[in-house]
Amino acid sequence: MLFRRYAIFGAVAALAIAGCSTASSNGDSAGGSGGSNKTIAFVQGVQGDEFYITMGCGIDAKAKELGYTVQTQGPQKFDPTLQKPIVDSVVASNPAALLVAPTDVQAMQAPLEQAAKAGIKVVLVDTTVNDPSFAVAEISSDNVGGGKAAFDAIKQAKPDGGKVLVISTDPGVSTVDARVKGFEEAANADPSFDYLGVQYSHNDPATAARLVTSALQKNPGIVGIFATNLFAAEGSATGVRQQGSVTANVCPDFVMW
Amino acid sequence: MSQSTMQTDVTVEIGQETLAGRLRSMQSIWILGVLIVIVAIFGVLEPTRFLAYNNLMNIAQNASIWAVIAVGMTYVIITSGIDLSVGSVLVFSSVISAKVMEMMGDKGWPTVAVGTLLALVSGGLWGVLNGWLVAKAKVPALIVTLGTLSIALGAAQIITSGLDIRSAPVVLQDSVGYGRVAGVPVISLIALFVVILGGIGLHMTRFGRYTFAIGSNELAARRVGIGVDRKLIEIYALCGLLAGFAGQLSLAQYGTTTIAGQSLTNLNVIAAVVIGGTSIFGGQGSMLGSMVGLFIPAVLLSGFVITGVSPFWQTVAVGAILIAAVFVDQQRRAAAARGGRAAVKARRAAAPASPGVAEYK
């Protein structure tokens, strides 16, 4: 089916666009963060994820306009045990504000509270924590609505219904949990669709690809896969291509931030 | 390699177990120097921020959990083994502990005590399994622990259905995770205590000497009557036990079981131990070195973040230091194998220079 191919190329195109033209500006502003009040720190959920790089581009552009410098940092994996030391060091570097995408709703609570207590304005971007009352702002999309929108897209492509699967990253990440919830509610509400549940790819494209190929092996009737973020979408698209003959649609991270 | 050489070497190890003696060994000095230089560079670049007391304490706090695991890992690597399962065992133990503590309800310290005991037991049992498979079933340690890495993590996911348990007792989080005594994080004091005990055990007891002996030459150790199999099981059990304890500390620090996290813990700890001069070929190493090796990446991370270096360079730097550390180790071995220039260096490095030892594993 033509749509299938289209959907995959759509996903790939989205990835290409995600790497914005000023990506090189990330973190290359070296050395002294001299005038302390003109520095903003941005702590990503994970390094090298185009989602956060895109976000960083936006932060950089606006900061430049207002005369601020942005220091971008991020852990090697989407893992609170690796993100906490980075947040602690960022706090020690005493920026005017900290933009951060927390990697766990519980584990990052205390470290970020301490940052706020140290007098740094904390802004939560995309993901959040259990009690975000210390933050001066939270920026996130309507993730439940995004999950629902993803289901609607699959429904539009496959009006006859069928089996649908979700490839998420890890449980406990506020945004993707909400997307899964939105998708799940919409899918369960529609009797023509059979919701197969969530598989967790640990934010690793290779794992997502393996999950998708095995899921398609087991359930050749899968008509749609909702990948809840970029890495999950990359891997899911790869998995669908590897499996070749199937007619599944991948809905990549629909909820562009 | 003849048994008599081995005997001499064991004696040398026994004879040199003083702090001064260990410091004289080149790798420790070299690596401690590197750490001091790194601290000095960041200290000059960002004196008010990097050298701030609070930042230094944060570095110590963030290294504490890895330090506890590194104690066990040092023993294991000295036997020329490896334990890749520590991160998963940590997660498994914290899941068991959190699950039971949740069921008990938060009753303060008694709940914490039960949880800690369970974390130690479950970690220790994984260690016994690792040790038994390595010593008795003769499966290479790399394979055994690669297997238990998956099994322990999978088991943790089965128990929790993949959902983190986010209900560690408040007293555990407040007093252990974020509490401070005289300005020093409690979790770091606990880790320091474990490290000192581990150091005494390694450098001043018969158990420690046997650990070195097994790593230097397992066959020779058997011939002189050391119960190698039993010792190996004990050493892997110790490593698992400490990973379990680290699981409880992780609960204290993060308030959640971090099932999805800890994926790089094993490699980070192994890198720290190797940077610290413990030879992956076995027979050599020190607790002090492991701790210095642990602080190099921790200090680099903090310093790079504070000076605003791109995160991509941080991984490059740590990798380069790892290779440099092993390169220096190999140079020293090669020198020793040729007869050695400095007598002390040569004697200390003589036994494990045999290629036959390297092939075991």
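This is a predicted model: local features need pLDDT of at least 70, side-chain atom pairs count only at pLDDT 80 or more; totals for chains, interfaces and linings use all residues.
Reader: Thank you. What is the order of the strands in the open sheet of chain A?

Author: The order is 2-1-3-4-5 in this open sheet of five strands, and the pairing is parallel.

Reader: Which strands stand at the edges?

Author: Those are strand 2 and strand 5 (137-139) of chain A. Each has a single partner strand, so one side of each is left without a neighbour in the sheet.

Reader: And what does the twist average from one strand to the next?

Author: The average is 20°.

Reader: How many bridges join strand 3 and strand 4 of chain A?

Author: Four bridges join strand 3 (residues 97-100) to strand 4 (residues 121-125) of chain A, in the parallel sense. In one of the pairings between residues, A:L98 has A:V122 of strand 4 as its bridge partner.

Reader: Which strands does helix 2 of chain A lie across?

Author: Helix 2 (residues 50-66) lies across strand 1 (39-43), strand 2, strand 3 and strand 4 of chain A. The helix runs at about 160° to strand 2 of chain A.

Reader: Changing topic, how many residues of chain A are in contact with chain B?

Author: There are 35 residues of chain A in contact with 30 residues of chain B. Strand 2 (69-73) and helix 3 (80-92) are the elements that give two or more residues to that side of chain A.

Reader: Which element gives the largest share?

Author: Helix 3 of chain A does, with 10 residues.

Reader: How do the residues of that side divide into nonpolar, polar and charged?

Author: On the side of chain A that touches chain B, 11 are nonpolar, 17 polar and seven charged.

How values were computed
Residues are numbered from 1 along each chain as its sequence is written. Chains are lettered from A and ligands numbered from 1 in the order in which they are written. Two residues are in contact if their C-beta atoms, placed from the backbone, lie within 7 Å. Ala, Val, Leu, Ile, Met, Phe, Trp, Tyr, Cys and Pro count as nonpolar, Asp, Glu, Lys and Arg as charged, and the others, Gly among them, as polar. Two strands pair if DSSP finds at least two bridges between them. Axes are lines fitted to C-alpha atoms, for helices over the stretch in contact, and angles run from 0 to 180 degrees between N-to-C directions.
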